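Please take the sequence and the three-dimensional model together, and follow the paragraphs below with both in view.

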Amino acid sequence: MNRIPVRSQDHGASLRGEGLVKNFASGAVQVQVLRGLSLTIDPGELTLVSGPSGCGKSTLLALLSGLLRPDAGEVHALGEKLSGSSKQALDRFRLQHTGFVFQGFNLFPALTASEQVELPLGYLGLRREEARDRAREALEEVGLGQRAAMRPEQLSGGEKQRVAIARALAKSPQLLFADEPTSALDAENGQRVIDLLHRIARNRGTTVLCVSHDPRLVRHADRVLTMQDGRIEADWRQRNGSPIEEAHA
């Protein structure tokens, strides 16, 4: 498989959006969801995008991950311009460099936890033995090594979400995107997922971008971007749960 060349971003942003505009049709009316938004996201951090429903945070995640194209502006990921890439190049980029965790888990009912994690590794061209080994390691990392042979109907909601995280981790992605990963979980399982996302950023150097309404995520994030009406209203980092700098976009 031909890999898309990615320049080292050790000393720069992993993700960059410039002047992002996105509109959606609502009947005969065009609704502007993002209004010329610009931002950079750094590697090795858990960055949280928060804000009310409809503010544009999930749309922003979709643009930065290459799932959607902006109507105006540019997206750069790992040094590559995504907004001008072909659909095939975007698909290849996401396969090779990104992982996704969604609110709905997106697991296949007929597959075991191990098979769920192995599935995308086959598309990367890994041999079955190597894929199985990676799946086992990823499931152990999220605390589900003993549940590898179980299917989704045998797992709790929190366990399903951790399988989804293991599936993303097994690819060793440089970019991990999480869309409302805790909103369907109780407090205990939500906390486990939050801790996992933070540990992935810290220990692996992964860029973790999470959009969420969940206030529990705020004190665990390295950086918090607050959105309102398609714009970033506040951008702050914290240390020991306290804001240490704040800027308005």
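Predicted model: local features only at pLDDT ≥ 70, side-chain atom pairs only at ≥ 80, totals over all residues.

Residues are numbered from 1 along each chain as its sequence is written, and side-chain values use heavy atoms, with hydrogens and water left out.

With the accessibility classes in hand, two backbone positions can be considered. Most residues other than glycine have a negative phi. Asn106, however, has a positive phi, near 55°, and is placed in the loop between S6 and helix H3 (113-123), where helices (H or I, at least four residues) and strands (E, at least two) are DSSP runs numbered from the N terminus. Because its relative accessibility is 43%, Asn106 counts as partly exposed. Glu180 also has a positive phi, near 50°, and sits in the loop between S7 and helix H6 (187-204); at 8% relative accessibility, Glu180 counts as buried.

Another glutamate, Glu45, lies in the loop between strand S2 (29-41) and strand S3 (46-50). With a relative accessible area of 15%, Glu45 is buried, and its side chain makes a polar contact with the side chain of Arg237 at 2.7 Å. A polar contact is a pair of N or O atoms within 3.5 Å, of which, within protein, one must be able to donate a hydrogen and the other to accept it, and residues adjacent in sequence count only if both atoms are side-chain atoms. Contact in the wider sense means heavy atoms within 4.5 Å, and by that criterion, not counting residues up to four places away in sequence, Glu45 touches Ala201, Thr206, Thr207, Val208, Asp222, Arg223 and Arg237.

Thr47 belongs to strand S3 itself and counts as buried because its relative accessibility is 0%. Leaving aside neighbours within four places in sequence, Thr47 is in contact with Ile41, Val208, Leu209, Cys210, Arg223 and Leu225. Leu217 is found in the loop between strand S8 (207-211) and strand S9 (223-228), and is likewise buried, with a relative accessible area of 1%. With the neighbours within four places again set aside, the contacts of Leu217 are Leu48, Thr182, Ile194, Cys210 and Ser212.

Which rings pair with Phe100? A pair of aromatic rings is described by the distance of the centres and the angle of the planes. Rings of Phe, Tyr and Trp (its six-membered ring) pair if their centres lie within 6.5 Å, and planes under 30 degrees apart count as stacked, over 60 as edge-to-face and the rest as tilted. By this rule the count comes to two aromatic pairs. Phe100 and Phe102 are stacked, at 5.8 Å centre to centre with 5° between the planes, and Phe100 and Phe177 are stacked as well, at 5.5 Å with 25° between the planes. Since Phe100 lies in strand S6 (residues 98-102) and Phe177 in strand S7 (residues 175-179), the latter pair ties together parts that are 77 residues apart in sequence. Both Phe100 and Phe177 are buried, whereas Phe102, at 27% relative accessibility, counts as partly exposed; Phe100, Phe102 and Phe177 form one aromatic cluster.

On a 1 Å grid over the protein atoms alone, a pocket is an open set of points with protein on both sides within 12 Å along at least five of seven lines, a cavity is a set where a 1.4 Å probe fits but cannot get out, and lining residues have an atom within 4 Å of a point. The largest pocket has a volume of about 330 Å³, a volume being the space filled by probe spheres set on the points, which are joined across faces, edges and corners. The elements giving two or more residues to its lining are helix H2 (87-97), S6 and helix H5 (157-169), and the largest share, four residues, comes from S6.

A search of the whole structure finds one cavity of 30 Å³ or more, and about 40 Å³ of space lies in the largest cavity. Its lining consists of Leu63, Gly66, Leu68, Arg69, Pro70, Val75, Leu82, Ser83 and Leu90.

Terms used:
Buried < 20%, exposed > 50% of the residue type's maximum accessible area, 1.4 Å probe, protein only.
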